[in-house]
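Welcome, and please take a moment to look over the sequence and the 3D view below.

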Amino acid sequence: MPAERAALYDFRPVTERDLPMIAAWLAEPHVAQWWDDPETEIAQIREHIDSISVEPLIIELDGEPIGYMQSYDPHLEDGHPYSDQPFGTLGIDLSIGKPELVGRGHGSAIVRQFVEQLFEEGAPRVIIDPDPSNGRAIRAYEKAGFRAIGRRQSEYGDAVLMAIDFDEGDFDEGDAKEGDAEEGQ
């Protein structure tokens, strides 16, 4: 089902019960190439459940879990590589867990909807940092309105830092096209 049908996604907090499902998604080849090993990631996600700096979320479509997303405040973590961003900036990471939903426009649509929610909550800027070799994710984020603002090298690896600012947040509903890609970190 293409995301063009103006799907509305729900974002709910991750619970302990979600961790086996997320671990299965992290083991999927289309996700595994961009994330650390599932055991390491699950341990971090478990820690984030009660975190003030990172909000782990399950992405749902029509009530069905389809992916993982997290938002984070780089200013709440000592030495975060993106703490040079304007105060109030929030970062996001996501992966579509279900392989059959990859390449169908969900990534751009999910990001667009979530960014709008963050702007409504007062974020002045949202950043995302795909791996430079993840062209599918970079194109999807560009279609969601992000622009590359630089390259970063940190403990998390090499990344293209992309941003969208509140005043750029008027999204054209027709921007998500079937075939958009969405995986990335």
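Which residues line the largest cavity? They are Ile-22, Trp-25, Leu-26, Val-31, Trp-35, Tyr-68, Ser-95 and Gly-97.

## Before you start

This is a predicted model, in which local features need pLDDT of at least 70, side-chain atom pairs count only at pLDDT 80 or more, and totals for chains, interfaces and linings use all residues. Residues are numbered from 1 along each chain as its sequence is written, and side-chain values use heavy atoms, with hydrogens and water left out.

## The overall layout

The protein has five helices and seven strands. Helices (H or I, at least four residues) and strands (E, at least two) are DSSP runs, numbered from the N terminus. Read along the sequence, they follow the pattern β-α-α-α-β-β-β-α-β-α-β-β.

Of the 185 residues in the protein, 51% are buried. Here buried means under 20% relative accessible area, exposed means over 50%, and partly exposed lies in between (1.4 Å probe, protein chains only). Among contacts between residues at least 6 apart in sequence, 67% join residues at least 24 apart; a contact means heavy atoms within 4.5 Å.

## The cavity

Let us return to the opening question. Rolling a probe the size of a water molecule over the atoms shows where empty space is left. A search of the whole structure finds one cavity of 30 Å³ or more, and the largest cavity holds about 40 Å³ of space. On a 1 Å grid over the protein atoms alone, a cavity is a set of points where a 1.4 Å probe fits but cannot get out, and lining residues have an atom within 4 Å of a point. Grid points are joined across faces, edges and corners, and a volume is the space filled by probe spheres set on the points.

Where does the largest share of the lining come from? Helix H1 (residues 19-27) provides it, with three residues. By class, the lining has six nonpolar, two polar and no charged residues. In this scheme Ala, Val, Leu, Ile, Met, Phe, Trp, Tyr, Cys and Pro count as nonpolar, Asp, Glu, Lys and Arg as charged, and the others, Gly among them, as polar.

## Helix H1 meets helix H3

The axes of H1 and helix H3 (residues 38-48) come within 9 Å and cross at roughly 145 degrees. Axes are lines fitted to C-alpha atoms, for helices over the stretch in contact, and angles run from 0 to 180 degrees between N-to-C directions. From H1, the contact uses Leu-19, Ile-22, Ala-23, Leu-26 and Ala-27, while H3 brings Pro-38, Glu-41, Ile-42, Ile-45 and Arg-46. Eight of these residues are nonpolar, none polar and two charged.

Beyond residues up to four places away in sequence, Leu-19 touches Val-14, Ile-42, Ile-45 and Arg-46. Leu-26, also found in H1, is buried, with a relative accessible area of 4%. With the neighbours up to four places away again set aside, Leu-26 touches Val-31, Ala-32, Trp-35, Pro-38, Glu-41 and Ile-42. Leu-26 and Tyr-68 are 42 residues apart in sequence, yet their C-alpha atoms are 9.3 Å apart in space.

## Strands and a loop

Now find Val-54 in strand S2 (54-61). Val-54 is buried, with a relative accessible area of 8%. Leaving aside neighbours within four places in sequence, Val-54 is in contact with His-48, Gln-70, Ser-71 and Tyr-72. Asp-93 counts as buried, at 6% relative accessibility.

Is Asp-62 buried or exposed? Asp-62 counts as exposed because its relative accessibility is 59%. Asp-62 is found in the loop between strand S2 and strand S3 (64-72). The phi angle of Asp-62 is near 50 degrees, a positive value in a residue other than glycine.

Methods: 1 Å grid on protein atoms, 1.4 Å probe; cavity = no way out; pocket = protein on both sides within 12 Å on 5 of 7 lines; lining within 4 Å.
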